[in-house]
Every structure is written in structure tokens, then in C-alpha cells.
Amino acid sequence: MATRIRPSSKRCVVIGGSGFLGRYLVEQLLDRGYSVSVFDIRQGYELPGVTFHLGDLCDKGALLASLEGASLVFHCASPAPSCDDHALFHRVNIDGTRTVLQACQEAGVQKIVLTSSASVVYEGTDIKNGMEDLPYAKKPIDYYTETKIQQERLVLEACDPEKGFLTVAIRPHGIFGPRDPQLVPILVDAARRGKMKFLIGDGTNLVDFTFVENVVHGHILAAERLRPDSPLCGKAYHITNDEPVRFWDFMSQILVGLGYDAPRYRLPYRLVYVLALLLWLLVLLLRPVMKLRPTFTPMRVALAGTHHYYSCARAKQDMGYQPLVSLKDGVTRTVESYPHLRRVA
Ligand SMILES: NC(=O)C1=CN([C@@H]2O[C@H](COP(=O)(O)OP(=O)(O)OC[C@H]3O[C@@H](n4cnc5c(N)ncnc54)[C@H](OP(=O)(O)O)[C@@H]3O)[C@@H](O)[C@H]2O)C=CC1
Ligand SMILES: CC(C)CCC[C@@H](C)[C@H]1CC[C@H]2C3=C(CC[C@]12C)[C@@]1(C)CCC(=O)C[C@@H]1CC3
């Protein structure tokens, strides 16, 4: 007869653990004495003590096999926002998250920490020191964000302390750090193609960029403070560096740190936004014959030209969160980690 492994509070599974954030989470959990398994569609690395379960999170059978004995699950898997595949976003972020919840309930998992996104309340217009009680965006900036909203709702609504099933969502914003496959590589690619000479808007808009280790710290605190009687149950929490920075100053620090010139010439925000929309329409029209990937999408232009920074007061109060790494140190460590992306004279 097969024996069922008893759930241990230190045994956890990181769904999406091969990705950028997931790998940092796995490393930090190991350092803190957790026993960690990864469930992911791919194996991104090897690490002593970590078991990889490869599969699609939409496959309940595959998930169940990985969840045996675990009491805690971190769900940080998602298709990349830039993939722009509506069917895939829907299948993974909405249907797949339902499957994750069912599998966790069947496997006797007690806690789920979801990686959501602060962008679930952002509609492309200014947000200054936004709190978690802002309503979900009625017009999200893209389909990825639309599915992140539905995903967060599903996870938070599933919280049921009486049944011993506890959920919480972390909303990070603009995660960066060594090994980030998105922000720095996209920026450097644009600079190498001569597209980073201009700044969009007047350059004063403030934005949150969050060092990856702070995001991980928020996740682990949330997991440890999530109890049937705690205020965290069924709630969302912003996790930021708590140091809003001018978008274009942050971009310039990274570019200059890697040997590229900082953007110098200003372009009016509205003009660039309309041009990006027109370009996007053209991309849609041409899609049957060719697949183009413009650098300046309407979503990126909105993020580059508006204020979007969030308060993490709720996380400080309910879980004692404080960022561990300052923005300055985070930028230095990030720049140093990309020698291969430096400008060659
Ligand atoms: N990066 C950021 O600035 C922000 C990210 N977030 C959220 O943080 C989370 C982590 O993001 P990040 O680390 O940047 O993303 P990554 O793409 O680096 O990591 C996600 C991981 O999930 C995997 N994955 C995708 N689909 C499936 C699937 N169907 N089944 C199993 N695994 C799957 C990916 O594999 P593959 O690479 O093959 O697709 C990848 O390994 C995401 O939920 C994202 O929405 C929120 C706010 C900001
Ligand atoms: C070409 C330039 C105008 C912009 C280059 C930098 C951008 C690639 C990044 C600036 C803000 C980032 C961001 C995200 C992805 C990378 C940026 C657009 C997210 C969309 C990632 C997923 C989320 O959940 C929200 C993030 C907001 C900020």
C-alpha cells in the first residue's frame, strides 16, 4: 500500500521556480531551511537538494504528483507579458490557476502565495502612492494584465480559513536584478538599435522598480505570517522598494552603467502614445503575413510616461515588511551582473 507523505510546514513547491523570480525564491527558501521542489514547464538550472517536476500547470495529474507532502505552494508561473498570445494567457493564468487551486486542495496544501502584479489596478494613467484597495482596472493595459486580475481574484476568493485553506497575493512592480530576462535585455537591445536617444514625456514621472530579493522577502514573510487568524488571509499586498524613482533616471542609470548614453531629447507623451497605437494597429493588420515585435508598444509607452508607484504600508503593518536592498545597491549589483551586455567600443 502506498504511504502518503505527511505534510510538513517546511516543505514547499515553487510553481514557476525555473523563472527569474522563482529561482531567487528557491535559493532563499533553501537558505532558510525549507525543503523545496520546483514545478515548471522547463528546468532552468540545477541546484543540490531541489527536485524538479517538469510539466504544464494546466495538467492536474502532473501537479498532484509534485505536491505530495507539501503544505505551502508559491505560484509564480506565467507566460511572459511580451509573448502577446491571448489564448496562452487565458489557458495558463486563468484556467491553469483554477487547476492549481483544485490540485492544492486535493493534495492537502494549506497555504498558497500567488505572485500577482501591481499593474492589476493600472489603466495607463497616473497612480501615485496607490493603495491595495484601488479597484481592479476596468481597462487593463494589455491582455496579460487582464488575466492577472482574474487570476488574483480566483486565488483570493479561494481563501477559506475554516477549511484550513489560506491564500494571499503579492503584487510586485517592475522587478529587476541579476539574471532578469526582460527589463535590462530589452533596454540594451533598444539602445543598441539607436532607439534610446529620446525620453517620453517631461521625464519627471515616478515609478516603482523593485529589486528581486525584496520581492522574494515579501513572499516568504507572507507565507510565514499567513495563519487562519491573521489579517493576511485572502488579501493582496504591494511589495516595492519603497523608493519611487523617476522612470527615465532609472533607465539612464542602467544605460550609463553599461556604457550607453542616457536618453537626451524629449518627445511629447501623447504624440508617442498615438504613434505607438498606430504602429500596433499596423502590426495587427500585418499579423497574417509577418510577425513584427515593435519596441515601443502602447503598454510600454504608458509605463514610460506616467506615474505608477504604490504604497507598501499594508505589508509593513501586517507582515513587518521592509525592503532589504536599496535601489542604489540593487542597480549597482544589476549593472555588474551583465558584463556581456556592456557597450563595446
Ligand atoms: N517581471 C516583472 O517585472 C513582474 C512579474 N510579475 C509576475 O511575477 C511572476 C514571475 O515573473 P518572472 O519571474 O519575471 O517570469 P519568468 O517568465 O522568468 O518565470 C515564469 C516561469 O513560469 C514558467 N511557466 C510558464 N507557463 C507555464 C506553465 N503552463 N506551466 C508551468 N510553468 C510555466 C516559465 O517557463 P517559460 O520561460 O518556458 O515560459 C518560467 O519558467 C509572474 O507571475 C509575473 O506575472 C509581476 C509583476 C512584475
Ligand atoms: C523601451 C523602453 C521604453 C522601455 C524598456 C523597459 C521596459 C522593458 C520595462 C519598463 C517597465 C517594465 C515593466 C514590466 C515589463 C518590463 C518593462 C515594460 C511589466 C509589464 C512586467 C509584468 C508586470 O506584471 C508589470 C510590469 C510593469 C513594469
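Biologist: Which strand does Thr 115 lie in?

Modeller: Thr 115 belongs to strand β5, which covers residues 111-115; helices (H or I, at least four residues) and strands (E, at least two) are DSSP runs, numbered from the N terminus. This is a predicted model, in which local features need pLDDT of at least 70 and side-chain atom pairs count only at pLDDT 80 or more, while totals for chains, interfaces and linings use all residues. Residues are numbered from 1 along each chain as its sequence is written, chains are lettered from A and ligands numbered from 1 in the order in which they are written, and side-chain values use heavy atoms, with hydrogens and water left out.

Biologist: Is Thr 115 buried or exposed?

Modeller: Thr 115 has a relative accessible area of 8%, so it counts as buried, a class that means under 20% relative accessible area, with exposed being over 50% and partly exposed in between (1.4 Å probe, protein chains only).

Biologist: And what is Thr 115 in contact with, leaving aside neighbours within four places in sequence?

Modeller: With those neighbours set aside, Thr 115 touches Leu 21, His 75, Cys 76, Lys 148, Gln 151, Ile 170, Pro 172 and His 219, where contact means heavy atoms within 4.5 Å.

Biologist: Leu 21 and His 219 turn up in a helix pair too, I think; which residues make the contact of α1 and α6?

Modeller: Helix α1 (residues 20-31) packs on helix α6 (residues 212-225) at an angle of about 60°, with 9 Å between the axes; axes here are lines fitted to C-alpha atoms, for helices over the stretch in contact, and angles run from 0 to 180 degrees between N-to-C directions. From α1 the contact takes in Phe 20, Leu 21, Tyr 24, Leu 25, Gln 28 and Leu 29, and from α6 it takes in Val 212, Glu 213, Val 215, Val 216, His 219 and Ile 220. Sorted by class, these are nine nonpolar, two polar and one charged, with Ala, Val, Leu, Ile, Met, Phe, Trp, Tyr, Cys and Pro counted as nonpolar, Asp, Glu, Lys and Arg as charged, and the others, Gly among them, as polar.

Biologist: How are α1 and α6 set to each other?

Modeller: They are oblique to each other, given that angles under 35 degrees count as roughly parallel, over 145 as roughly antiparallel, 65 to 115 as roughly perpendicular and the rest as oblique. The crossing of α1 and α6 is right-handed, a label used if the near helix is turned clockwise from the far one by less than a right angle, anticlockwise being left-handed.

Biologist: What about α8 and α9, at what angle do they cross?

Modeller: Helix α8 (residues 269-286) and helix α9 (residues 298-305) cross at roughly 165°, and their axes come within 8 Å, so the two are roughly antiparallel to each other. On the α8 side the residues are Tyr 269, Val 272, Tyr 273, Ala 276, Leu 277 and Trp 280, and they meet Pro 298, Val 301, Ala 302 and Gly 305 of α9. That contact comprises nine nonpolar residues, one polar and no charged.

Biologist: Changing topic, how many disulfides does the structure hold?

Modeller: Zero disulfides are found, where a disulfide is a pair of cysteine sulfur atoms within 2.5 Å. Cys 233 is in none, and the nearest cysteine sulfur, in Cys 159, lies 4.5 Å from its own.
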